[in-house]
Structure formats: structure tokens, C-alpha cells
Amino acid sequence: MLEVRNLSKKFKEGFHLEDVSFTLKPGYIMGFIGPNGSGKTTTINLIMNLMKRDEGSVKIFGKDISQHEREIKDRIGFVYDEAHFYDDLTLEQMKRIIAPFYSRWDEKIYRDYIEKFELNEKMRIKKLSKGMKMKYSLALALSHDADLIIMDEPTSGLDPIFRKEILDILYDIIQDENKSIFFSTHITTDLEQIADYITFINKGKLVFSKAKDEIMDEFKIVKGDSINLTPEIRSSFIEIRETGYGFEGLTRKAAGVKEMLGENSLVENASLQDIMYYMRMEG
Amino acid sequence: MRILISNSSDEPIYTQIFNQIKAQIIRGELDAGELLPSIRGLAKDLQISVITTKRAYEELEREGFVETIPGKGSYIAPQNKELIREQRLRIIEDSLMNVVREGKLMGLDYEEIEEMLRIMYEEE
Amino acid sequence: MGPLIMKDIRLITSNRATQIFLLLYIPFLLIIAGLDFRAEYMYMVVLVSGAYMITVLSFSYEIGRGTNQLLMSLPVRKMDIVTAKYLFVFAAFIMSGIYSGIYIGLIRNFFYNELIVFDIAMLKNALILTLFFTSIVLPLFFGLSHKMVNFLNVFVFVTLFQMFGMGVDTLAKIFSSFIFEAGGGAWGIMLGTALLWISRQLSLALFQRRY
């Protein structure tokens, strides 16, 4: 459904996006993570053809976005962070502007979402709270039978209750196995449950793109006593953090490390945040 | 069907699902022909990813516990009674093995263990 | 195309600030012109100024506020965005024509009988003027940055006001020149349209270069 290959873009100010590739099949959710400035927004802008790419290809629904921009975007629901709406308008006015652009706009579905989200259509957009703006954004994105939903930091700035509500909505969307969601975020806890795939980007390069379950199996946190750290054990870690109380590190070879360290060690699941932190030098 | 997921367990989630469904089949709590929830519906209810539930179902299918009919869903496969009986016997054997090991570690002899077993059997 | 043009019309008419502006700009222009300005050209100049201002307003949302992301996520081609803006100019022309006509007509009836409201020749001149004007200005809107566009607008308004300041004879000379008179104005219109088409290609190129 979304296929990015060898995507590259050079900026004059020095930042480069280099050789980024990943694929998202229909029916799945992909989380897109990376620290600030890692190239997440650039990647999304390139996917949506908001910027011209230097190299590589972006294919959505099997077609090149530069050639078939209109028919592809007709089927994409796009949700932004700073919802770039015309703030002075009311929800209703904004909808009247947007709806005619889409061939499969469904007024009834839109109304259902507005009701479900408890939005007041007569209200001006600038008066909405961030969470309400996000829900409105979603309502618009979901009302034209989009097959691919792309979300750029949709949950940042939202309180945990809203975030959970939005996740529930995403779960509902994904019940249809022909739809996919691509979701970039800092808030990795949101992804830990729902994401099927995780793509991690850092310093403009791809670190990995694989199934979340595989990532959870592969990476583990091992904790133990600093005294037991031999050079051999150290080399099995991606990175180690030492404190006065011991050490903690991320490793792909948890079984081997555990054996070497023996009883004086603890193996735990690594959260996405851990992985992002310990791998922040990669890329 | 009951499924309880622990996020903090060492066991991968798909394994937990697999084991729990398998156990319920073996204990006879799930009957042949019963329809399992869709992988997406289950993912939503358990608040986990679709791939995870898919993998669990695939494992179950591979081991012969579940049958998937495209377009309809996943059903509990008719279980070989003999096979089930064997599985349950094996579970008991494992427990007995533990008892024997622990007993030997403590220095108990066979008669003492047998006595314990007899008392428990009569009380139960 | 339709939704794009409707978008601009809806945007312009929905904002309190622009509503007030649209309400007051005609009297404002008339005041600047001063009452000794010859009535013959009044309507035409107001028409063209109005069309220009409405067009500028339609760009203000995209250029100023960074709502380009929204526009770019909609299923439209860049070519459509550019073409729609050019078509919008005609819409602005018609809106301005009707609106100015009514407004000035009212002023004439209640205040100042000397004002001439409607004149086919004036309409034709206004159209030609608008075609040329737009051809020059629109590519600049598409190509220049936000700040530069603001400078541009100031410059254009000053030029427009100059028209008010020109003597009637100068204006008469301009409007009887080849462009406006040849073939009853047909040449002017054709030339203007050709220029508009070239201008559109240029705008498209500039717009695509930025994205």
C-alpha cells in the first residue's frame, strides 16, 4: 500500500535524508519514530509530495505519487499535528470547503463522527482545544473512505485520555483489513500496543523497519553489577549506562549475555523509548 | 474464551495467547467447531497489535488446534481424543516429575512420597 | 477547479476583517480620488482596483499562514491550484463589476449625480487592464516569498492610486491607444488573454519550483 524506496533529499542547510526505505501492507499500522530533527516530517512531506525528492520512489496503492497525485490523495486521509486549518472558519464552513474535493465524501459518516466526538459545528476552529482540533481532523480524514491514513504527530500535546480515545478510533479503523495507518509520533507508549510495524529513523537515515513483535523479541534490557562487565560482555551490548548502583544496557544478544553474567543479572523487555534512547547514536 | 495478557511477562504476547487457548482446548473448555474472534477484533479487545493475534492463530493452526476458513473465520478444530488424552497425561507426568525431583532433593524416599500422594488423593 | 475557486470565495467572505474591508474599500477609493476626479473613469478604476484587491485577499490565506500543507494534502494537482487562481481573477472581476456598479449607483442616487456608473467602453477597458495587470502580478505572487509579496502589494496600490491622480486627459490618451481601441478593443482582449496564458505557464513553473 505504501512503498518507500531509497528516498533521499538534500537540504542546503546541511540536513540530509538518505536512502530511506520501508513498506506498509494493507491492514496494518506502522509507527514511525525518531527523535526531533531526525527526518520524520521531511519523510512524510516527501511521501505526500509536499516537497520534491532528490532520489528514490514513493508508491502508494501501487502508483507513483508524483504521477498520480490527485487519485492517490483522494484516498488518503491526512492528519497533522498543527492542524493547518483556516482558523477563523467554523467547523461547518471548513467542511464545506474540503468536502467537494473528495470523490467519496460521505456526509452521513462525517455527521456520525462529529456527533461521536461531541463537536459543535458552529464553533470557530480557533476556539477549539487541541484535542478537539485533532478529533475534527480525524473526522474529516475518515469521512471520505480513505484507505491510507497518514498521521503526523497526532497525539502530541494531548492528554492521556484523549490519546487513548484516539487509539480506540484507530483500532476501529483497522478492523477493515483493506485500510492502513501510518503514524509518526514521539509518544512511543501509544505505539507499543497498537503498532504492527515500527520504522525507526535517526539523523536522516533508516535504523530499522520491522514487525514490532520481532523488535520486542530481539532487543532486551539487561541489568547487572558493573563489576561483572568484561570487555567481551560489553561488546555484546549496543550501549551501556553505568551508575553507582550498577549498569543497564540494550542488547540483541540477551541470551548469551545472561549466560555470561549468570545469576547476577536481570533481563527485561525493552520499551520503544529504551530502544530509541540507546540507539540514538545510530544512523 | 478467556484470555489474560501480561505486558510485563517474559513470555511474548503471542505465546501467551497461544498457550491459553491451547490449554482451554485441552481442558475441554473450548469445543470443536467453536468460532474464535477475528484476529482484528481480538487485537482491539486485548489492545494489542494485529500481527500478534495473527501469529498466535497461525501457531494454533500449525499445531492442529485451529482451522481457518478464508472469508469465514477461525474455528476450533475437531481434536483427536487420543491426542488430547496424551497431552493431559503428559502434563500430569511433568507435575509428577517435579514432585519426584523435589522429594529427592529433600531426601524423601519413595514410600514417603507415595504416602503423601495417598493422603491427598483421599482428601480431594 | 470548482472546489478551489469556491474555497477562495468562501474564505474571503467568511472573515469579519475581510467583510468590513469589502464593505468600505469603495468609499475609501472614492474619497482618495476626490470629488473633482472625472466621473467617467471612476467606475473603471474602482472595478479594477476591486478585482485586484479581491485577488490579493484570496492569496492571503495561502501565503501568510502556512496553510499550504492543507492545500497540498487535498487531491489537487499543482496545475489546478494555479489555473484556479487565474480563473478566480475573472470571478473577482465579475464580482467587483457588479458590486462596484451597485455601490456607486447607490452613491450616485443619494449623493453625487455626476458619477457615471455603467459604460460598455469602460467595462472593456477594465477587462483589458485587468488581463494585463493580472498577467504581470500573479507570477510574482506564486514566485515570491511572503515578505516580498507584501512589498509588491504596496507598490501596486501606489500605482493604482496614481491612476486617480492622473489628469483626465492622460487617462484618455492611454485608453484611446492601440491596445484599448483597436478592433473595438478586441485586439486588447486577445493580447491580454494570450499574455494571461503565458503568465499561467510561468506561475506554474515558479510554483513547482518551490515545491
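The model is predicted, so to speak of local features a pLDDT of at least 70 is needed, side-chain atom pairs count only at pLDDT 80 or more, and totals for chains, interfaces and linings use all residues. Residues are numbered from 1 along each chain as its sequence is written, chains are lettered from A and ligands numbered from 1 in the order in which they are written, and side-chain values use heavy atoms, with hydrogens and water left out.

**Where chain B meets chain A**

Let us start with the interface. Here 17 residues of chain B are in contact with 21 residues of chain A (contact means heavy atoms within 4.5 Å). Between them the two chains bury about 1500 Å², with 38% of it on carbon and sulfur atoms; buried area is the accessible area (1.4 Å probe) that two parts lose on being put together, summed over both. B:Arg40, B:Gln47 and B:Ile51 supply 46% of the area that chain B buries against chain A, more than any other three residues.

There are 2 salt bridges between chain B and chain A (a side-chain nitrogen of Lys or Arg within 4 Å of a carboxyl oxygen of Asp or Glu). One of them joins the side chains of B:Lys44 and A:Asp172, at 2.3 Å from N to O. On the side of chain B that touches chain A, the elements giving two or more residues are helix H2 (39–46) and helix H3 (50–62) of chain B. H3(B) gives the largest share, 5 residues. Helices (H or I, at least four residues) and strands (E, at least two) are DSSP runs, numbered from the N terminus.

**Aromatic rings**

Over all chains, the structure holds 19 aromatic pairs. Ring centres of Phe, Tyr and Trp (its six-membered ring) lie within 6.5 Å in a pair, with planes under 30 degrees apart counted as stacked, over 60 as edge-to-face and the rest as tilted. Here are two of the pairs.

| Pair | Type | Centre to centre | Angle between planes |
|---|---|---|---|
| A:Phe32 and A:Phe182 | tilted | 5.1 Å | 40 degrees |
| C:Phe59 and C:Phe142 | edge-to-face | 5.3 Å | 80 degrees |

A:Phe32 in strand S3 and A:Phe182 in strand S8 of chain A are 150 residues apart, and their pair links distant parts of the chain. A:Phe32 is buried at 0% relative accessible area (buried means under 20%, exposed over 50%, partly exposed in between; 1.4 Å probe, protein chains only). A:Phe182 is buried too, at 0%.

In chain C, C:Phe59 lies in helix H3 and C:Phe142 in helix H6, so their pair ties together parts 83 residues apart in sequence. C:Phe59 is buried at 5%, and C:Phe142 is buried at 5%.
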